[in-house]
Amino acid sequence: MASPGATTGPQAPVRVARAVTVFGRVQGVGFRPFVHRLATRLGLDGWVLNADGRVELTVAGPPPSVQALVELLRVEAPPLADIRRVTVADLSGPPPPPGSGFTVRASARTGSSRPAAREIPPDIATCEACLRELFGPADRRYRYPFVNCTNCGPRATVIEDLPYDRERTVMRRFPLCAACAAEYADPADRRFHAEPVACPDCGPRLEWEDLTGEAALRAAESVVDSGGIMAIKGLGGFQLVCDATDAEAVNRLRARKLRPAKPFAVMASDIAAARRLARLSSAGVTALTSPAAPVVLAPARQGSGIPPGVHAGTDHIGVFLPTTPLHHLLLRDLGRPLVVTSGNRSGEPITVDEPTARETLAGVADGFLVHNRPIRARYDDSVVRTVGRTVTTLRRARGLSPAALVIPVAAAQPVVAAGAQLKHTFTLAEGTCAVLGPHTGDLEDARTLDAFKTAYADLVRLTGIEPQVVAHDLHPGYLSTQWARARPAERRIAVQHHHAHVAACAAEHGLDRPFLGVAYDGLGLGDDGTLWGGEILVADLTRYRRVGRFATAPLPGGAAAVRRPARMAMGYLYGVEALGEPGFPPSLVGAFERRLAPEETRVVRAMVERGVNCPRASSAGRLFDAAAGLLGLCDDATYEGQAAVALETAAGDEYAEALPWRLARADGLWVYDPVPTLTALLDRAVAGERTSTLAAAFHRTLAEVTSGLVQRAVAAGAPSTLCLSGGCFQNARLLAETRSLLEEQGLRVLVGSAVPVNDGGISYGQAAVAAARLREG
Ligand SMILES: [Zn+2]
Ligand SMILES: [Zn+2]
């Protein structure tokens with residue numbers, strides 16, 4: 001019964017001492033101040049400190065109080081904490097003397113035995129208490145753009161190393177003034193051990209040309225007020241800002257940023273203002289007001305004063321709330337919604353340092369509102385969408401990454417998964433912990449590759465995960481694959497693109513059993529050397545078997561067909577896989593061709609007939625392109641997925657019966673033959689039927705086709721748990737209709753939520769597959 005540190009006697013011990021260790025996301029979330037308050041309330045003696053990635057407590061007191069502390073650690077934990085495990089052991093050293101009180105001690109850095117991966121807290125949007133100070137004229141932080149506390153403020157973007165302490169953040173450059181130091185040291189204060197704490201006297205300050213502080217802010221605001229474009233140094237990178245109600249300013253921004261059509265996000269001052277811009281579901285409101293404060297994609301309201309150019313080609317608008325005090329000040333002072341978009345030229349990574357920003361954004365911004373707090377890591381804004389009660393993440397970055405996720409099979413060796421190409425991310429995994437790094441952009445050039453390498457080096461250092469195993473895509477042309485193959489590694493694991501997609505969904509839901517995967521996306525390399533993208537797979541985390549697919553069609557000119565849906569439509573008309581039924585009626589093909597230049601149709605037809613530069617793909621995404629091209633909705637796409645967005649938008653709120661469709665058997669697989677579908681689509685379009693009806697009918701058709709393919713697979717013995725993944729399921733209508741049809745069949749349908757269904761989730765899926773393969777040896 002006696003234990004070291006316990007006072008023993010004839011009865012039960014009156015005082016025990018314990019070493020308590022808390023694992024999970026417990027640093028940067030106000031955990032030590034919370035423990036301090038709790039232990040003090042319970043009258044315990046001892047201390048708390050941040051160790052490598054954990055929080056360690058030494059506590060002594062009456063056994064019931066110590067017991068209560070251990071229980072309340074979980075019950076009353078701060079909202080941003082995520083406790084995975086609490087261990088309680090007898091104390092090995094001398095116990096804290098009775099009546100010595102409870103303190104927060106300096107962090108311990110243990111170099112010898114490395115614990116499980118350390119968890120880095122994401123950035124947190126400004127809290128209510130800080131907002132009251134920001135707008136409270138009597139407060140000493142009145143209108144101070146860097147106000148923060150234990151519950152809010154920068155984290156991942158300022159941390160240089162763990163344990164999380166000011167001296168290991170960029171805030172070490174700002175010695176605390178007496179007032180801030182007092183708050184930092186006062187256990188009763190909201191800023192007790194708030195590492196980025198700052199005030200106008202000691203913290204960072206704004207700059208605009210020769211002006212500083214409030215004058216700088218006012219000068220920048222006057223530029224936006226008069227229709228200009230301002231670059232601001234945000235939390236995880238530079239942003240471009242203009243008046244969202246000023247059509248000319250928005251058009252200027254598009255022209256200068258070389259972004260003709262992709263929608264811009266709009267920042268609104270508060271939830272009431274956001275509701276005036278968009279029809280928000282309750283799940284949407286929850287997401288908007290969450291500590292991560294992502295951009296939420298929702299149906300735009302008519303007559304909100306936002307010109308159509310902000311979200312050209314879609315009836316959805318991306319809205320978000322201010323994420324930093326600086327954003328709050330801008331929104332409040334300017335009194336109107338603002339376009340706030342990544343400070344980069346189209347396709348490049350978001351800019352983080354001032355010299356680069358001044359160079360790359362020179363022709364874009366009319367001025368630079370900067371400050372002297374360095375940005376330690378690149379975090380673009382996150383984007384989510386709600387479908388019913390489900391939140392789907394389209395881009396996982398600021399506020400969400402690098403919060404740790406779980407994978408169902410523990411990785412026996414540390415893994416880096418290199419991801420794919422578009423919407424690139426990478427993932428580090430060790431044990432069951434997987435850290436999905438922030439969105440870096442399309443990994444197609446040296447700048448994005450550099451951004452990836454920098455983010456990788458940073459996260460390796462911060463998490464302490466040192467990969468020995470590298471997982472990557474099959475595609476040899478991806479820069480991510482080339483990076484993976486060039487790295488020293490004990491083992492390399494190639495993971496097929498669509499297997500990674502559906503494995504990501506399964507892993508997020510903790511599924512370590514066989515399932516049926518539906519992967520619909522643009523393009524990914526199959527294991528047979530052809531391009532895939534409309535795939536039904538019987539899979540588990542280790543392996544997969546293809547049981548169904550979409551018919552193949554040529555991509556005339558390869559990437560050129562991806563950029564031009566009209567050309568993709570020709571690819572289907574001239575060269576869709578023959579599956580035993582008649583092809584397209586020539587008269588109908590002629591009717592479509594009349595809309596295009598004769599030279600183009602002649603050249604493309606010749607390419608397809610001779611098979612010159614015409615890779616074939618069984619892609620659902622390309623079929624969406626073709627349908628949009630046939631309907632004349634989107635002849636050219638300036639960003640990935642634009643044609644699918646155009647089709648979804650065209651369908652509006654309309655419901656329509658499905659178009660004809662047909663499944664055929666080929667090479668032992670069920671194959672969707674789109675000829676009847678596209679024939680009917682074109683025929684009815686030529687006959688003058690409303691585009692909205694046809695767009696709705698096309699979505700309904702793909703939902704029924706999916707249901708048909710799944711039914712046949714299940715009838716042949718496939719599992720009845722389904723994982724839907726791939727970029728096509730960013731389309732809310734496709735997802736909702738497909739899911740309801742499948743659920744009507746009594747199937748269990750899973751879809752990614754925290755992990756993007758698009759290629760941003762590939763790296764997490766690769767990591768889950770790699771861990772499962774390592775288990776097999
Ligand atoms: Zn706060
Ligand atoms: Zn201060």
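Leu258 counts as exposed because its relative accessibility is 53%; exposed means over 50% relative accessible area, buried under 20% and partly exposed in between, with a 1.4 Å probe and protein chains only. Leu258 has a positive phi of about 60° although it is not a glycine. The model is predicted: local features need pLDDT of at least 70, side-chain atom pairs count only at pLDDT 80 or more, and totals for chains, interfaces and linings use all residues. Residues are numbered from 1 along each chain as its sequence is written, ligands are numbered from 1 in the order in which they are written, and side-chain values use heavy atoms, with hydrogens and water left out.

**Backbone geometry**

- Most residues other than glycine have a negative phi, and most peptide bonds are trans.
- Leu258 lies in the loop between helix H6 (247-257) and strand S10 (265-267); helices (H or I, at least four residues) and strands (E, at least two) are DSSP runs, numbered from the N terminus.
- Ala293 is a residue other than glycine with a positive phi, near 45°, and is found in the loop between helix H8 (282-288) and strand S11 (295-299).
- Ala293 is buried, because its relative accessible area is 3%.
- The peptide bond from Leu162 to Pro163 is cis, with omega near 0°, and Pro163 sits in the loop between helix H3 (128-134) and H4.
- A cis peptide bond also runs from Ser401 to Pro402, with omega near 0°; Pro402 belongs to the loop between strand S16 (390-395) and S17.

**Zinc site**

- Cys177, Cys180, Cys199 and Cys202 coordinate the zinc ion (ligand 2) through their SG atoms at 2.2 to 2.3 Å.
- Donors are N, O and S atoms within 2.8 Å of the metal (3.2 Å for Na, K and Ca); water is not among the atoms, so sites may look incomplete.
- The arrangement around the zinc ion (ligand 2) is tetrahedral because the 4 donor atoms subtend angles of 103 to 117°; four donors count as tetrahedral if all angles lie between 85 and 135 degrees.
- Along the chain, the donors of the zinc ion (ligand 2) follow the spacing C-x2-C-x18-C-x2-C.
- Distant parts of the chain are linked by the pair Cys180, in helix H4 (residues 178-185), and Cys202, in the loop between H4 and strand S6 (206-208), 22 residues apart.
- Cys180 counts as buried at 0% relative accessibility, and Cys202 is buried with a relative accessible area of 9%.

**Four-stranded sheet**

- An open sheet is formed by 4 strands in the order S18-S17-S19-S20, with mixed pairing; two strands pair if DSSP finds at least two bridges between them.
- Strand S18 (427-436) and strand S20 (491-495) are the edge strands, each pairing on one side only.
- Neighbouring strands of this sheet are turned by 60° against each other on average, direction ignored.
- Strand S19 (residues 469-473) pairs with S20 in the parallel sense over 5 bridges, and His472 stands opposite Ala494 in S20.
- Helix H11 (residues 446-463) packs on the sheet and touches strand S17 (404-417) and S18; the direction of H11 makes about 150° with that of S18.
- Helix H12 (residues 479-486) packs on the sheet and touches S17, S19 and S20; the direction of H12 makes about 155° with that of S19.
- Contact means heavy atoms within 4.5 Å; axes are lines fitted to C-alpha atoms, for helices over the stretch in contact, and angles run from 0 to 180 degrees between N-to-C directions.

**Annotated domain**

- UniProt places the feature "domain: Acylphosphatase-like" (unreviewed entry) at residues 17-106; UniProt positions are given in the numbering used here, feature names are shortened, and annotations may be inferred rather than shown by experiment.
- Over residues 17-106 the chain is 27% helix and 38% strand, with the end C-alpha atoms 20 Å apart.

How values were computed: Tetrahedral: all angles 85-135°; square planar, octahedral: opposite > 155°, others 65-115°.
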